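Hi everyone, thanks for coming. Let me put the structure up, and then I'll walk you through a sheet and a ligand site.

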Amino acid sequence: MAERQPLTQPHDLPGPYGPPLIGHLLQIGSQQSHLTFERWAERYGPLFQIRLGRSRLVVVSDHGTIQRILEQRPQSFRRNRVVEDRFTEIGINGLFTAEGDDWRQQRRTVVAALSRTRLASFFPKLKATTTRLQQRWEVAAEGNQPVDVCRDLTRFTVDVTMQLAFGVDPNTLETPGPVIQQHLEKIGPGLQRRFFTLFPYWRLVRLPPDRALDRAVKVLEREVAAIVRAAREHMAAHPDHEPTNFLEAMLRIAEHEGSHLTSADLLAHTSQLLLAGEDTTAYTISWIIHYFTKFPEAFVRVRREVDDLIAPAAALDALEQANQLPFLDAFCNEVMRLKPVAPHMALEALEDTEMLGCLIPQGTKLFVLLRYAATREEHFAGGDCFDPERWLPQPVGHGKQPHHVQVFAPFGAGPRICPGRNLAMLEIRAVLAMLCRNFDLEPVSPGREVKETMAVVMRPDQLHLRLKRRSPNSHVPADAWAARVAS
Ligand code: HEM
């Protein structure tokens, strides 16, 4: 029998050189940290190590190992404690950062609040919110005003998430003045800065970005507290009322004798659900729209499919239509494979474990590179190339091999897979179908590279477009439209 090789230790793993005191702080503390990790994976292989000050991080890009880590939560792996601490410190600590029994209980409530049944009854509100977005864009098109795509879409996702999860409609899409979305957008960048630091300096001195974060959190707290108060009063006035959304379900749990759920917990859970649902979906749609402009022939094909299904309607009319757009779905999958808003995940080992011949001790901080694995040639043929066809079932698609769908994990995987994925996909299809039916797209700065920026989630930087109105009754022959794009 072959003798087993002795296990290596994390400090024996390969990795880039980092200066003694700060380690790799300067390379990973930027808004492009994910790109640095991916470059290093190319060079140092499926398992390598880096340092942040004195603490060591192990970075994993091997798909099989990543899958095992994600599947073995919550017992063997957890989210990185630093992530939890940073969220807790600003009072936003919900399902995403919960662990153990707390996580189990919250997960049930969130999954129920975002279930397919809830989504079915929510569809009319989603449709109305999509129409508001259409009207906002019509005004911009009439005035030939450039649209800040990420901003408008976060207004859309804030309106949707708050209606579905809290039963209130902030209508940020039609509110001209300051709205909650303008504060929410400061939280991601503020937190991102705090994930990679040698010590929590902001406890000693508040720099301008820390003060901006404080202000944003304060507004969020105030707004969410008012919503919780109103829901509490409603529940008290109607004691037999069956909870119809996440907030009401949490309030019912808090009312139960022996429940440890405090008002502060309620606020923290509610705020985090809002954050989890808005940026992720808005930036995913933004990346897809960016790809519409990069690949106009594929956009023509999406548009033709949408026209064939819903013309002369201006947007999706019924929930069932959302599942009848195979090429749109293929396009979205391909963008989420190349531009996932969560290209990596920060985790931690809860027990000693072995990975690719290395003994990973309990407490080791891990980074798993989800996007890197999904762009490798051994999992997707032509891994770096944009090719929506690969997602179509044969004989329509070209059946390019390999095509390992299990490596495609834009919503994570295992017991902690994103519970909002069905809602997100519904929002994505509703917005894109409306966009295809009503607008032509023109980048404000054609040819400019749209950079990836990491602010907890990965967004397209400075994505501005000019929208031109398309006649809602038109069913433009694809060839004519392609010719127009090409000219
Ligand atoms: C395109 C949009 C979205 C993307 C790409 C996305 C992605 C993700 C990812 C990668 C995770 C981590 C999963 C894991 O650890 O395996 C996650 C978790 C989570 N997502 Fe989403 N998400 C999206 C939309 C939403 C929406 C709309 C909601 C709710 C309104 C939501 C709520 C959550 C929550 C609460 C968690 C934590 C789950 C847990 O730890 O058990 N997400 N999401």
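**The sheet and the ligand shell**

Let's start with an open sheet of 3 strands, in the order β4-β12-β9, with antiparallel pairing; strands pair if DSSP finds at least two bridges between them, and strands (E, at least two residues) and helices (H or I, at least four) are DSSP runs numbered from the N terminus. β4 (147–148) and β9 (439–443) are the edges: each has a single partner strand, so one side of each has no neighbour in the sheet. Before I go on, this is a predicted model: local features need pLDDT of at least 70, side-chain atom pairs count only at pLDDT 80 or more, and totals for chains, interfaces and linings use all residues. Residues are numbered from 1 along each chain as its sequence is written, and side-chain values use heavy atoms, leaving out hydrogens and water.

β9 pairs with β12 (residues 464–469) over 5 antiparallel bridges, and F439 sits opposite R469 in β12. α11 packs on this sheet, touching β9 and β12 (contact means heavy atoms within 4.5 Å).

Now, which element gives the largest share of the shell around the ligand? That's α11 again, with 6 residues. Of the 27 residues around the ligand (a heavy atom within 4 Å), R73, R79, W103, R107 and C418 come nearest.

And the iron? Its only protein donor is C418 (SG), at 2.3 Å; donors are N, O and S atoms within 2.8 Å of the metal (3.2 Å for Na, K and Ca), and with water not among the atoms, sites may look incomplete. C418 lies in the loop between α14 (370–374) and α15 (421–438).

Notes:
Axes fitted to C-alpha atoms, helices over the stretch in contact; angles between N-to-C directions.
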